Amino acid sequence: MRAAWIAFVIGSSFFLFEFVARIEPSLDTATIAHFFGLTDSGFGTLSSLFFWIYAPMQIVVGLVLDRLGARTFVIGGSLCCAAGVLLFAATNVVGIAAAGRLLTGFGASFAFVSALWLVNHWFAPERFALLSGAVNAMGMVGAAIGAVLLSDFIETAGWRLVFAATGLLGLGIFAAALLFLREPTSPASDAETGAVEHVRQSLATVLGDGRIWALSVVGMLFYMPVNVYAGLWGTTELVHDHHRSQIAAETIVSMVFWGMALGSIAGGWISDLLGHRKYLVLGGAVLTGLAYLAVLYVQVSAFTEGALLLAAGFFGGFQMLTFAMAKEGLANDVVGTAVAFVNMIGIAGALIFQPLVGYLADAAGGNFALALATVPACTGLAALIVLFVPEYRHPDHVSDGSEAPAS
Ligand SMILES: N[C@@H](Cc1c[nH]cn1)C(=O)NCC(=O)O
């Protein structure tokens with residue numbers, strides 16, 4: 001069990017680190033853009049290079065984990081991620097900074113799926129929802145703390161020093177993985193097919209399963225408010241329509257991340273306790289939508305807005321159960337591919353919905369409240385779709401009462 005918990009701590013710390021690395025450039029945009037001589041849009045492109053590689057890599061990550069195990073990729077991924085951050089901090093040449101950002105995104109792409117893969121193969125099935133929720137909570141805490149604590153550090157020490165310190169922390173995770181991470185027993189250790197056949201079979205199994213597609217869309221619609229409201233337009237709407245100051249609006253919106261950290265753990269815990277997922281996803285999506293409806297369209301105090309967004313984040317945390325539902329429908333040898341696919345579709349949703357809501361707001365003459373009606377609409381649709389997804393457990397995910405031994 002010690003090795004299992006060490007794997008959990010290393011995997012989730014890697015996710016926390018990569019989440020901080022991904023948002024770090026947004027903490028001092030003007031200074032960094034000026035430093036590299038970039039316009040706003042040039043800076044946006046530089047920062048977004050992270051996602052250009054992160055999103056398509058997801059499917060590759062899932063396939064290699066299922067085939068080769070996680071240890072090599074947690075070690076290599078954390079090293080690349082840390083090296084990318086350090087490169088970004090060390091250079092004043094924009095091309096090298098871009099390479100650093102790509103390297104960060106490449107390394108980071110291994111974090112979330114590896115952490116869930118390790119939880120799946122190290123722990124008993126009835127712990128998956130709770131522990132995968134805890135992994136997600138680490139990322140959310142990273143986002144919440146990164147925004148507040150690192151902004152303060154950057155103000156006093158400057159962004160390059162703070163980036164360098166973050167990169168060194170990443171090297172610490174790399175060293176911990178190198179020294180302490182052990183591989184769990186998994187179908188990866190006794191794979192018999194050739195590499196090409198493995199890729200073909202895994203993709204055919206995952207992409208040929210309608211249930212996986214449905215759950216990926218549910219996850220995308222349920223995750224949409226995090227990217228669209230909390231990650232981009234929420235602050236603007238609160239400032240424009242509710243007349244909050246910028247700092248007050250940012251603080252109110254950050255409640256979503258704290259709520260998600262709590263909700264993904266609580267949702268997972270309740271789900272594992274009940275041995276049930278589907279109606280928790282459905283109820284969570286409905287309550288998330290109701291909380292956003294209230295915050296968007298009911299005039300309340302700033303405190304109540306914060307409380308409503310905490311609730312929206314809390315019930316939004318239940319979206320993590322879509323990963324449990326997805327991977328439990330398939331055999332253990334494609335868990336990485338299934339989780340990675342659901343994650344990739346969820347992230348792709350951000351790429352679609354963030355500009356779409358901006359476009360709708362423009363089309364509505366700057367009416368963000370109207371454009372953000374897409375938020376409760378998406379969670380409502382997620383609730384509707386999951387209603388038709390059968391709850392099914394493959395025999396590989398029915399516990400025999402033991403945790404996985406190390407190979
Ligand atoms: N919670 C996931 C995103 C998601 C996708 N579908 C449902 N939720 C998440 O935070 N993933 C981490 C990442 O950035 O990869």
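At what angle do H7 and helix H8 (residues 159-180) pack, and how far apart are their axes? The angle is about 130° and the axes are 7 Å apart. The model is a predicted one, in which local features need pLDDT of at least 70, side-chain atom pairs count only at pLDDT 80 or more, and totals for chains, interfaces and linings use all residues. Residues are numbered from 1 along each chain as its sequence is written.

Helices (H or I, at least four residues) and strands (E, at least two) are DSSP runs, numbered from the N terminus. Axes are lines fitted to C-alpha atoms, for helices over the stretch in contact, and angles run from 0 to 180 degrees between N-to-C directions. Angles under 35 degrees count as roughly parallel, over 145 as roughly antiparallel, 65 to 115 as roughly perpendicular and the rest as oblique. H7 and H8 are therefore oblique to each other. Their contact is made by Leu150, Phe153, Ile154 and Ala157 of H7 with Trp159, Leu161 and Val162 of H8, two residues being in contact if their C-beta atoms, placed from the backbone, lie within 7 Å. By class, this contact has seven nonpolar, no polar and no charged residues; Ala, Val, Leu, Ile, Met, Phe, Trp, Tyr, Cys and Pro count as nonpolar, Asp, Glu, Lys and Arg as charged, and the others, Gly among them, as polar.

H7 (residues 128-157) also packs with helix H11 (residues 246-274): the axes come within 8 Å and cross at roughly 170°. H7 and H11 are therefore roughly antiparallel to each other. Residues in the contact include Ala129, Gly133, Ala137 and Ala144 of H7 and Phe257, Ala261, Gly268 and Asp272 of H11. The H7 contact with H11 has 15 nonpolar, eight polar and one charged residues.

The domain assignment, whose bounds come from an automatic or database source, gives domain 1 (1-185) and domain 2 (195-390). Their C-alpha centres lie 21 Å apart, and 29 residues of domain 1 are in contact with 36 residues of domain 2. On the side of domain 1 that touches domain 2, two or more residues each come from helix H3 (40-68), helix H6 (111-122) and H7. H7 gives the largest share of that side, 13 residues.

What surrounds the ligand? Of the 13 residues around the ligand, Phe112, Gly219, Tyr223, Gln319 and Gly346 come nearest; a residue is near a molecule if its C-beta atom, placed from the backbone, lies within 6 Å of it. H7, helix H10 (210-242) and helix H15 (335-363) give two or more residues to this shell, and H15 has the largest share, four residues. The shell has six nonpolar, seven polar and no charged residues. At least three of its residues are drawn from each of domain 1 and domain 2.
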